[in-house]
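Student: Could you take me through one part of this structure closely, and then show me what else is worth a look around it? I'd be glad of one connected answer.

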Amino acid sequence: MRDVAIIGAGMIPFGRRDEDSLMDMLAYASLNALDDAGLGDKSVDAVYVANMGAGILQHQTAIASALVDRLSLFPAAADMVENGPASGASAIKNGLLAVASGYYDAVLVAGGEKMREVTGWRATDFVATLTHPLAEYIYGVTLPGMAGMFTQLYMEKYGVTREQLVQVATKNQKMGALNPYAHVEMVITREGILDSPHAIVNNPPVAEPLHLYDACPVSDGAAAVVLCPLDMVKNAKKRPILIAGFGQATDTHALQEREDPTDLKAVTLAAKQAFAMAKVEPGDIDVAELHDAFTILEIAESEHVGFFKKGEGGKAAAAGKTQLGGQIPINVSGGLKARGHPVGATGVAQVVEIVWQLRHEVSKERQVKNAKTGLTINFGGFGNNVLAFVLRRVDQ
Amino acid sequence: MAIDMELEAVLRAPEVYQAPYPPKVITLANGKRLVVREVSRRDVPVLLEGVRPALTIERDYYDIVGVRLYAELLGWYRYRVRNEYCIIGQIDGMLVGIVNGRMMNEDIGISLHTLAIDRGLRIGAHLFAAKMEHHIEYLGQKEVWITAESPIGFRRWMIEYGLEKQTDYQHELGGATSYRLTRELYFAAKPRLVVGDRPVPKELLDVATRAIIVADEDTITQKICGLKGR
């Protein structure tokens, strides 16, 4: 197996992009990544496109073929990868394996989703299609509802508090306000969303104990990376970033079938696999992008990947250990919470952010000093399909 | 514009006394202080400057809300709408939202429009709540008739307040579905939807009343459509 590097990374600002079609967004992000890779007129051997809902939301399928056509990348092989909110990381994994195997030398991976052309409740229903159709969906379970129940259990078992959740929300929105690619660029305060008696309107309950600012926004957006074998990277325009490790694990479809619903086994297993392959420990990670679709998930994942012991993640967040300059900066992009969560794009966007961090290319207000190794966790379903990547800066 | 006051006396509708709406202050999610206060007819010209950029913004039906609000405020200014009032929201003196309504009679209030200029802070929700508070608690009315022209309005008013659909009367804004907020519904919703502190600290109120500052057209457009159109 060959070592695989990311030689190009590109994104478009997430948000509500009324003027762009899904294909526009995928094309813009792909062109940004191809330009970043300095490929010039050279094409790629294959294209993997991550998308969860075009068939439902845009009534469009065969997205990968359409992107190849849009960018005139013929005769590149093209496949679409649908794996719920983990589609992005799954597409990168497929690209990684294709390059590592020696079958392809240059692969474009793009992820995109256009969710804002439907109403919020239709978008919520669309995402809920990932739940178990007979054990969950037919009873009206939504992802916010599921996350609310998960949070309640987590609070009871590990003592996580609303204050700790608010700390995650304010941290991530503060970072999002500094990220030009973020959907939500608004700083919020603990007073405004928790302490003030007016917070009941500013930050109403969505699915108790989760409130409005505990949840990520519904976003449009796209992101892309270009992969190639590390040993073929010569005179690269930008510093290559090695995919040092990856892991993927699954868990039961229905949350109720898990022995302990607060135990995100797939997160633990995926991270362990990625750490083992990269020959690193959690303590070696300089910067992490975790899947904070809800604030509780950042806390829970920070424990399950091994940054903190079970029950310590909330306290660590409250103590500032996960902020920029802290023990392990988490979601300095703003995370899903502020950058946004166009589901098919998210896993790719997480990797793009880590690539930029490891190249030391982001603004100094968001840059993790001397970052050399980064982790991403892309959380599909409600933890039933999770992918982890460890990325490493390659010294030239 | 020359005005014939003799003819005006015929054209102008007689108005009833409306109890004033006492100002209040609300802490927003970003920690800023929103001063919510009633304004007078004299303030209309500056308010129109704040509404004008919305007239051509299709996003979230700002155009129809903007056009109608503009006409209602102008109608009030020219004494062509009876018993109207207007409540605004200001942050550091800057106009960030406008709501208006009127008394159809002693018992029934008419909710007209809600326009949030600064978005993402639930300013529209706070101002709509202030409007309902005015009708029920200060004007002492039995019910308020409401309709929605945007999906956001429908979600905010009809669903969050659990309004009653009314099929017996038509809202004066047209043939769209009409709803009513009763006193019972208002007081049931009040604990979770109506907030604000009174009295407003003098320094905050002084800033708000000194001048209604209106952002330039590009800034308002950007605020309505989101930064970078997002």
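At what angle do H2(B) and H3(B) pack, and how far apart are their axes?

Tutor: Happy to! One thing to keep in mind is that this is a predicted model. H2(B) and H3(B) pack at an angle of about 170 degrees, and their axes are 10 Å apart. Angles over 145 degrees count as roughly antiparallel, so H2(B) and H3(B) are roughly antiparallel to each other. On the H2(B) side, the contact is made by Val44(B), Leu47(B), Leu48(B) and Val51(B). H3(B) answers with Gly66(B), Leu69(B), Tyr70(B), Leu73(B), Leu74(B), Trp76(B) and Tyr77(B). By residue class, this contact divides into 10 nonpolar, 1 polar and no charged.

Now look at the loop between these two helices, H2 (44-51) and H3 (62-77) of chain B, where you will find Asp60(B). Asp60(B) is not a glycine, yet its phi is positive, at about 55 degrees. How open is its position? Asp60(B) counts as partly exposed because it has 17 C-beta neighbours inside 10 Å.

Ala62(A) sits in the loop between helix H2 (54-58) and H3 of chain A. With 13 C-beta neighbours inside 10 Å, Ala62(A) counts as partly exposed.

Between helix H3 (63-71) and strand E3 (77-81) of chain A lies Pro75(A), and the peptide bond joining Phe74(A) to Pro75(A) is cis, with omega about 0 degrees. A cis peptide bond also joins Glu208(A) and Pro209(A), with omega about 5 degrees. Pro209(A) is placed in the loop between strand E5 (205-207) and strand E6 (210-211) of chain A.

H3(A) lies across E2, E3 and E4 of chain A and runs at about 125 degrees to E2(A). The sheet itself is open and has 9 strands in the order E3-E2-E4-E7-E1-E8-E11-E10-E9, with mixed pairing. E3 and strand E9 (287-289) are its edge strands, each pairing on one side only. From one strand to the next, the twist averages 25 degrees.

Of its 10 residues, 8 are buried, which leaves E8(A) mostly covered. Strand E8 (residues 241-250) and strand E11 (residues 385-393) of chain A run antiparallel and are joined by 9 bridges. Along this pair, Gly247(A) stands opposite Ala388(A), and Gln248(A) has Leu387(A) as its bridge partner. E8(A) also pairs with strand E1 (residues 4-11) of chain A, in the antiparallel sense, over 2 bridges. There, Ile6(A) stands opposite Ile241(A).

Finally, how do the two chains meet? The contact takes 24 residues from chain A and 19 residues from chain B. Helix H8 (190-195) and helix H9 (199-202) of chain A each supply at least two residues of the side that touches chain B. The residues on that side of chain A divide into 10 nonpolar, 9 polar and 5 charged.

How values were computed:
Residues are numbered from 1 along each chain as its sequence is written. Chains are lettered from A and ligands numbered from 1 in the order in which they are written. This is a predicted model: local features need pLDDT of at least 70, side-chain atom pairs count only at pLDDT 80 or more; totals for chains, interfaces and linings use all residues. Helices (H or I, at least four residues) and strands (E, at least two) are DSSP runs, numbered from the N terminus. A residue is buried if 20 or more other C-beta atoms lie within 10 Å of its own, exposed if 12 or fewer, and partly exposed in between; C-beta atoms are placed from the backbone. Two residues are in contact if their C-beta atoms, placed from the backbone, lie within 7 Å. Ala, Val, Leu, Ile, Met, Phe, Trp, Tyr, Cys and Pro count as nonpolar, Asp, Glu, Lys and Arg as charged, and the others, Gly among them, as polar. Axes are lines fitted to C-alpha atoms, for helices over the stretch in contact, and angles run from 0 to 180 degrees between N-to-C directions. Angles under 35 degrees count as roughly parallel, over 145 as roughly antiparallel, 65 to 115 as roughly perpendicular and the rest as oblique. Two strands pair if DSSP finds at least two bridges between them.
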